[in-house]
Every structure is written in structure tokens, then in C-alpha cells.
Amino acid sequence: MELMTIRSGSNANCVYIKKDGYGILIDAGVGPRTLASALRAAGSDISRVAAIFITHEHIDHIRGLETITNRYHIPVFANEATLYAIEARLPGIDSSAFYTLPTGANAVCPDLQVTSFKTPHDACGSVGFRFNFSDGSALGYATDIGYITKGIANALFGCQTVILESNYDVQL
């Protein structure tokens, strides 16, 4: 497994995970040119992206999603509340690529099981993800959290790699 943080912060968020010739994205807060450049640097390209998993609907996590989805028809996974909010925010998006992944449920990609878990954030259905690969390795991802809940700790327990971003303050 290879991991590349393409962007992380208040302006854009996007992570690329590459495994056995294909990849997945977590969030799509970057445009297609930035994404293409980053994927080239990782020895990949957009045609090898099998899926996009969305943590929540804030613009810094979905800014490039409409263009990427409409142009490349990559499957997009998120919970129902997040998908609904994305459609409201990006009315031109091709929602035929949307797949509902209820919070706490699993999705299966080639050699990969993805489980979402609830995160504390001011979005309608904010989640993190745990990626379990067929070789037994696991990666956890939680963004925009101000603290770690018991649910997050349980979801990330046993992961060899964990990415946390903690720039959210509940009081603010």
C-alpha cells in the first residue's frame, strides 16, 4: 500500500491510496489538474482510481468532485445525508455515480473492505474510514475532528497506519 496526502487543510483535502495497481481517493477537494499532477508524481493516473470516498460535504472536501465525477464517472461512496448535501451544493454533478454507504456499513472494492464510522464535526453526516486490505493491513482516516471519541478509537484500533486531522473546535 502507498499513501499520498495530496492536500490537507482548510482550502482542500484529498488523499490517494494506491494498492496493487489501482487507487482510491478520500475526498476530492482538489481540481482535476492538481489531482492529475499528484497522481503522476505517485506513478499513477486518474484511470486507475477505482472509487472516491467522501467524509463530508464541506467545500474543501468536495471542490473538485463535480468535475472529476462528470468527466471520469468514478464511483462516489458516502452516506445518504452527505450525498444529499453534495447534490444540493453541486447541482450539476452526475449523481448516477453515487453509491450510498451508510455510516457503520462496509463497502467492498477489489482486495479491500471499507468501513465508515461517525466523527464529531458540523456536517450533516461526517464520517471517517477504516480500510482493511486483503493482506491484513489496515489504514484509518479521520479528518476535521476536535477530539477522539470512543467510536473513533474503536474503529482505528489495530490499524498499522492512521491519518488524523484535528482542526475542528466544537465550541467555535
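In the strand pairing considered first, K118 stands opposite V127 in β9, where strands are DSSP runs of E with at least two residues and helices are DSSP runs of H or I with at least four residues, both numbered from the N terminus. The model is a predicted one, in which local features need pLDDT of at least 70 and side-chain atom pairs count only at pLDDT 80 or more, while totals for chains, interfaces and linings use all residues. Residues are numbered from 1 along each chain as its sequence is written, and side-chain values use heavy atoms, with hydrogens and water left out.

Strand β8 (residues 112-118) and strand β9 (residues 127-133) pair in the antiparallel sense over 7 bridges, two strands being taken as paired if DSSP finds at least two bridges between them. On strand β7 (residues 106-109), which runs antiparallel to β8 and is joined to it by 4 bridges, N106 stands opposite T115 of β8. The two strands β7 and β8 form a hairpin with 2 residues between them, and D111 in the turn has a positive phi of about 55°. Of the 7 residues of β8, 5 are buried, so that the strand is mostly covered; here buried means under 20% relative accessible area, exposed over 50%, and partly exposed in between, with a 1.4 Å probe and protein chains only. In a regular strand the side chains alternate between the two faces of the sheet.

The loop between β8 and β9 holds T119, which counts as buried because its relative accessibility is 3%. A polar atom of the T119 side chain lies 3.5 Å from the backbone nitrogen of V127. Leaving aside neighbours within four places in sequence, T119 is in contact (heavy atoms within 4.5 Å) with S126, V127, G128, A142, I145 and I152.

Helix α3 (residues 65-72) has L65, I68 and T69 among its residues, and these three are buried. Seen down the axis of α3, the buried residues fall within an arc of 95°, so they line one face of the helix, the arc being that of the directions from the helix axis to the C-beta atoms. An α-helix has 3.6 residues a turn, so residues three or four places apart point the same way. The buried residues of α3 pack against α1 (32-41), β4 (49-53), α2 (59-62), β5 (76-78) and α4 (80-89). T67, also found in helix α3, counts as partly exposed because its relative accessibility is 33%. After α3 comes H73, whose phi is positive, near 55°.

In helix α2, I62 counts as buried because its relative accessibility is 0%. With residues up to four places away in sequence not counted, I62 touches A28, G29, I54, H56, E57, I86, R89 and L90.

A nonpolar core is a set of buried Ala, Val, Leu, Ile, Met, Phe, Trp, Tyr and Cys residues joined through side-chain atoms within 4.5 Å. The largest such core has 26 residues, and those with the most contacts inside it are I6, L25, L35, I52, I54, L65 and I86. The elements that give two or more residues to this core are β2 (14-19), α1, β4, α3, β5 and α4, and α1 gives the most, with 3 residues. Apart from this core lies another, of 20 residues, among them F53, F77, L112 and F129.

Notes:
A polar contact is a pair of N or O atoms within 3.5 Å; within protein, one must be able to donate a hydrogen and the other to accept it, and residues adjacent in sequence count only if both atoms are side-chain atoms.
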